[in-house]
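I opened my notebook to go through this structure piece by piece. These are my entries, in the order I made them.

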Amino acid sequence: MLDRLATRLATAVLRLPAARSRRVTVTRDIPVRVRDGVTLRADHYAPDLTGAPTVLIRTPYGRGGPVRLLGRLAAERGFHVVIQSCRGTYGSGGQFAPLVHERDDGLDTVEWLRRQRWWSGAFGMLGASYQGFVQWAVAAEAADELRAMVAVVTASGTRDSTYAGESFALDTVLTWAELLQAQTVPWLARQWELKRGQPRLTAALAHLPLAEADRIATGVTVPFFQEWLRHHTPDADYWRSRVFGDRIAEVRAPVAMISGWHDIFLPAQLDDYAALRAAGAHPRLTVGPWTHGSPGLFVAALRDGLDWLDEHLAGRPGTRTAPVRVHVGGAGGGWRDLPDWPPPAGRPAGTCTPGAPSRRTRRPRPPDRIWYDPADPTPSLGGPLLVAQRAGAVDNRPVEARPDVLTYTSPPLDAPVEVVGPVHAEIHVRSELSYLDVFVRLCDVDRRGRSWNVCDGLVRVAPGRFPTGPSGVVRVPVTLWPTAHRFAPGHRLRVQVSGGAHPRYARNPGTGEPLGTAVTLHAGGREILHDPEHPSAIVLPLLDLGPQSSLSSR
């Protein structure tokens, strides 16, 4: 009764299409035996419709809560829905090892579906984050019976997101480890920990060596956390069987992708989109003003996901024609339909260069110098994080007031400027240390002086990774998160340059010690150059270009 009331309320509030099935029969804890003898557990939501196709959701987060509501909503709209707990979670046998068993367990589950009396010969997959990764794990081998995928804030591989810029996404990885472990403790104990502000996690994020951080955060050693600390180099064999991007061209199912501008997987998901387009596919892409756990993201996943399944799995007319829909942030933005991603630039990309030479003297400005101390690392504020409460756009003035952060700010804009597409920077740096990080962030400074982060990126520099000039200057290319943002008249563009963003990225100790065991911290100075021979710059895809302005340092 409560489930039916919840779905009726959700249908009304979310303005979903009317139910097609008058009754949904739910069978729980169904055993599904896979090839190595492990038994996985699943719930089946069955509509009272003959020949209904199937939607498969595989998840490590349990079969209750929002996914239970989703299962019933989809079943009422004419789909058999099977929600299965991944190995080692919520009643399924074996041990949960992220990314390891999802291909085999997923394909065995599809084979189990084929043997069910209600099987119609077609299925789709739906899910967010890890629930999306498991879709990519089977997508190339699920044959023509896989008719649709809805991949929400996810990617075909997590390696590049884990080591963004060849650093380490400490906050995301350790927070995820803590959340997974919290699923194994009593509910009341978990609520008490949340009420206290998760002090163990806070202490763990600040701790060195990182190899001890999982025990501080969770009370136990987390095998995958230890493995990810050890196997962090780009050529590590460990990741070859845990990513599926090299098989995207073999995927025949139509794919709908939903993400947010402040999502941790956005760059990787857009790489998947580009790979599908290069293979001749026509995926649908939606990117909104969301973080990884935004409530608005769940609403969009329901609406767009059910619409996509209706069109490509059930053969009903869809409601949307535009292949790409993005939300342009900032004052006067809003939703835009585009023919593709990235969109064709209305004008050539604009470049905002810090410290341009004076028109009067034409003499370049001297380098700007900052000091980075990993014992007091430059903190991160907002941006793409796993936990929605700490993520997204925030006022950056507290971090910009620190002496280890350089800022470059334009004059107030006379006309609106729309930045839509990929963003990258080239920073020329000369450092006392050979091991360092370069963090670049683009902000929108409003008329009140508040500095709101739009997008950012970090790159880890080590000897030999980038060419070094004769004067010791290293040109560091920094790929920022892509964006769609409108800078309003009277606002200013601001670029931050600093040596880190901790704990979102693990601090760089400056020594070159291994990621998991480093404890020695070396502080050092560095110079950011911006003369004609070293034109440090951020390059913006400007669709509505107002007067170009050089950025001046603080």
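**Entry 1: Trp 371**

I began with the contacts of Trp 371. Leaving out residues up to four places away in sequence, Trp 371 touches Asp 404, Glu 432, Ala 523, Gly 524 and Gly 525. I noted that this is a predicted model. I then looked up where the tryptophan sits: Trp 371 belongs to strand S12, which covers residues 368-372. Is Trp 371 buried, partly exposed or exposed? Its relative accessibility is 48%, so Trp 371 counts as partly exposed. The cut-off for exposed is over 50%, and buried means under 20%. I also checked a distance across the model. Trp 371 and Phe 123 are 248 residues apart along the chain, and 56 Å separates their C-alpha atoms.

**Entry 2: the whole protein**

Next I stepped back. I found 13 helices and 23 strands in the protein. Its radius of gyration is 24 Å, close to the 24 Å from the globule rule for 554 residues, so the protein is as compact as a globular protein of that length. Along the principal axes, the C-alpha atoms fill roughly 80 × 50 × 45 Å.

How much of the protein is buried? Buried residues account for 56% of the 554. The accessible surface comes to about 23100 Å², and carbon and sulfur atoms hold 54% of that.

I checked how far along the chain the contacts reach. I took contacts between residues at least 6 apart in sequence; 77% of these join residues at least 24 apart. Then I turned to charge. The protein has 64 positive and 54 negative charges, and their mean positions lie 5 Å apart.

**Entry 3: strand S7 and its partners**

I picked strand S7, residues 255-262. Eight of its eight residues are buried, so I wrote it down as mostly covered. Which strands pair with S7? Strand S6, residues 146-152, runs parallel to S7 and is joined to it by four bridges. Strand S8, residues 284-291, also runs parallel to S7, with six bridges between them. I noted one bridge for each pair. Val 150 has Ala 256 in S7 as its bridge partner. Ser 259 has Val 287 in S8.

**Entry 4: around S6**

Ala 143 lies in the loop between H4 and S6. Ala 143 is partly exposed, at 47% relative accessible area. Its phi is positive, about 65°, although Ala 143 is not a glycine.

Ser 156 lies in the loop between S6 and H5. Ser 156 has 4% relative accessibility, so it counts as buried. What does Ser 156 touch beyond its neighbours within four places in sequence? I listed Phe 133, Trp 136, Val 243, Phe 244, Gly 245, Ile 248 and Asp 272.

I found another positive phi at Ser 129, near 55°. Ser 129 sits in the loop between strand S5 (123-128) and helix H4 (130-139). This serine is buried, with a relative accessible area of 14%. For context, most residues other than glycine have a negative phi, and most peptide bonds are trans.

**Entry 5: cis peptide bonds**

I then looked up peptide bonds. Leu 208 and Pro 209 are joined by a cis bond, with omega about 0°. Pro 209 is in the loop between helix H8 (199-205) and H9. Trp 341 and Pro 342 are also joined by a cis bond, with omega about -10°. Pro 342 is in the loop between strand S10 (334-338) and strand S11 (350-352).

**Entry 6: helix H10**

H10 spans residues 223-230, and its buried residues include Phe 224, Phe 225, Gln 226, Trp 228 and Leu 229. What do the buried residues of H10 pack against? I found helix H5 (159-162), helix H6 (170-182) and helix H9 (213-218).

**Entry 7: His 534**

At 15% relative accessibility, His 534 counts as buried. Apart from residues up to four places away in sequence, His 534 touches His 428, Ser 471, Val 473 and Leu 529.

Key:
Residues numbered from 1 in each chain as written. Predicted model: local features only at pLDDT ≥ 70, side-chain atom pairs only at ≥ 80, totals over all residues. Heavy atoms only, no water. Helix = DSSP H or I, 4+ residues; strand = E, 2+ residues; numbered from the N terminus. Rg over C-alpha atoms; globule rule 2.2 N^0.38 Å. Buried < 20%, exposed > 50% of the residue type's maximum accessible area, 1.4 Å probe, protein only. Contact = heavy atoms within 4.5 Å. Areas by Shrake-Rupley, 256 points an atom, 1.4 Å probe, with all protein chains shown as cover. Lys, Arg positive; Asp, Glu negative; His and termini not counted. Charge placed at Lys NZ, Arg CZ, Asp CG, Glu CD. Pairing = 2+ DSSP bridges.
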